[in-house]
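Q: Hi! Could you walk me through this one while I have it open?
A: Happy to. Let's bring it up first.

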Amino acid sequence: MRDTKERLSVLWTFALLNYLYADVIALFAIAGSRNSFEPLPPLALMGSAVLMEIPIAMILACRVLPFRANRLANIIAGSIVTLINGFLTFVPPLVGWGRPPAFPEYLFFATIETVATSVIIWQAWTWSKPAGTSERVAGNLETLISG
């Protein structure tokens, strides 16, 4: 890959696709079960929408943010989604709060997602700005839009 910005954007896309497909599998498991299903409360739905917006926004942010903001955003966003994903996937079954739907499949995807976001954090953490470069948000956005 050409540069760290591109690599991070691709890693966020990879993580997002894994998040989305894990949710599709979970919905299949819920729809296929004979148990009654309680809809999630609006606050939980809003929380999950905000959580999913993080990787969606980071795909674009990796391409357009200047170095320092980009590096910091990737470390913070990667840490947030890694911690939340790890907590929601691994803690409830361990402490007896139930289990996620489609547990073996969900655990498989959660492990991949956790590795992907951990790699994002590591890439951002070890990223150093090339000497003699200056970045402009507007110029990066213009380049992204024009192809």
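**The core and what surrounds it**

A: To start in the middle: the largest nonpolar core has 17 residues, and Trp12 and Met58 are those with the most contacts inside it. Bear in mind that this is a predicted model.

Q: Which helices supply at least two residues of this core?
A: Each of α1, α2, α3 and α4 does. The largest share comes from α1, with six residues. As background, nonpolar side chains tend to be buried together in soluble globular proteins.

Q: OK, let me zoom out. How many helices and strands does the protein chain have?
A: There are five helices and zero strands. Read from the N terminus on, the elements run α-α-α-α-α.

Q: And what percentage of the residues count as buried?
A: Of the 147 residues in the protein chain, 32% count as buried. The accessible surface comes to about 9400 Å², and 69% of that belongs to carbon and sulfur atoms.

Q: What about contacts across the sequence: how many join residues at least 24 apart?
A: Taking contacts between residues at least 6 apart in sequence, 81% join residues at least 24 apart.

Q: Back to Met58. What does Met58 touch?
A: Not counting residues up to four places away in sequence, Met58 touches Trp12, Ala73, Asn74 and Ala77. Met58 is also where α2 bends, by about 30°.

Q: How far apart are the end C-alpha atoms of α2, then?
A: They are 32 Å apart. Helix α2 covers residues 42–64, and its 23 residues at 1.5 Å a residue should span 33 Å, so the two values agree.

Q: Which residues of α2 are buried?
A: Met52, Ile54, Pro55, Met58, Ala61, Cys62 and Val64 are buried there.

Q: Where is Ile112?
A: Ile112 is in helix α4. With a relative accessible area of 25%, Ile112 is partly exposed. Apart from neighbours within four places in sequence, Ile112 is in contact with Phe14 and Asn18.

Q: What separates the C-alpha atoms of Ile112 and Phe14?
A: They are separated by 9.6 Å, although the two residues are 98 residues apart along the chain.

Q: Switching to rings: how many aromatic pairs are there?
A: The count comes to three aromatic pairs. One of the pairs is formed by Phe67 and Trp127, and that pair is edge-to-face, at 5.1 Å centre to centre with 80° between the planes.

Q: Why does the pair of Phe67 and Trp127 tie together parts apart in sequence?
A: Phe67 lies in helix α3 and Trp127 in the loop between α4 and α5 (137–146), so the pair ties together parts that are 60 residues apart in sequence. Phe67 and Trp127 are both buried.

Q: Which residues form one aromatic cluster?
A: Tyr21, Phe108 and Phe109 form one.

Q: Last one: why does Trp97 count as exposed?
A: Trp97 has 59% relative accessibility, and exposed means over 50%, so Trp97 counts as exposed. Trp97 lies in the loop between α3 (67–95) and α4 (103–126).

Q: What does Trp97 touch?
A: Setting aside residues up to four places away in sequence, Trp97 touches Phe87, Val91 and Pro92.

Notes:
Residues are numbered from 1 along each chain as its sequence is written. This is a predicted model: local features need pLDDT of at least 70, side-chain atom pairs count only at pLDDT 80 or more; totals for chains, interfaces and linings use all residues. Side-chain values use heavy atoms; hydrogens and water are left out. Helices (H or I, at least four residues) and strands (E, at least two) are DSSP runs, numbered from the N terminus. Buried means under 20% relative accessible area, exposed over 50%, partly exposed in between (1.4 Å probe, protein chains only). Contact means heavy atoms within 4.5 Å. The expected span of a helix is 1.5 Å times one less than its number of residues. The bend at a residue is the angle between axes fitted to the seven residues ending there and the seven starting there. Rings of Phe, Tyr and Trp (its six-membered ring) pair if their centres lie within 6.5 Å; planes under 30 degrees apart count as stacked, over 60 as edge-to-face and the rest as tilted. A nonpolar core is a set of buried Ala, Val, Leu, Ile, Met, Phe, Trp, Tyr and Cys residues joined through side-chain atoms within 4.5 Å. Accessible areas come from the Shrake-Rupley method with a 1.4 Å probe; for residues, only the protein chains shown count as cover.
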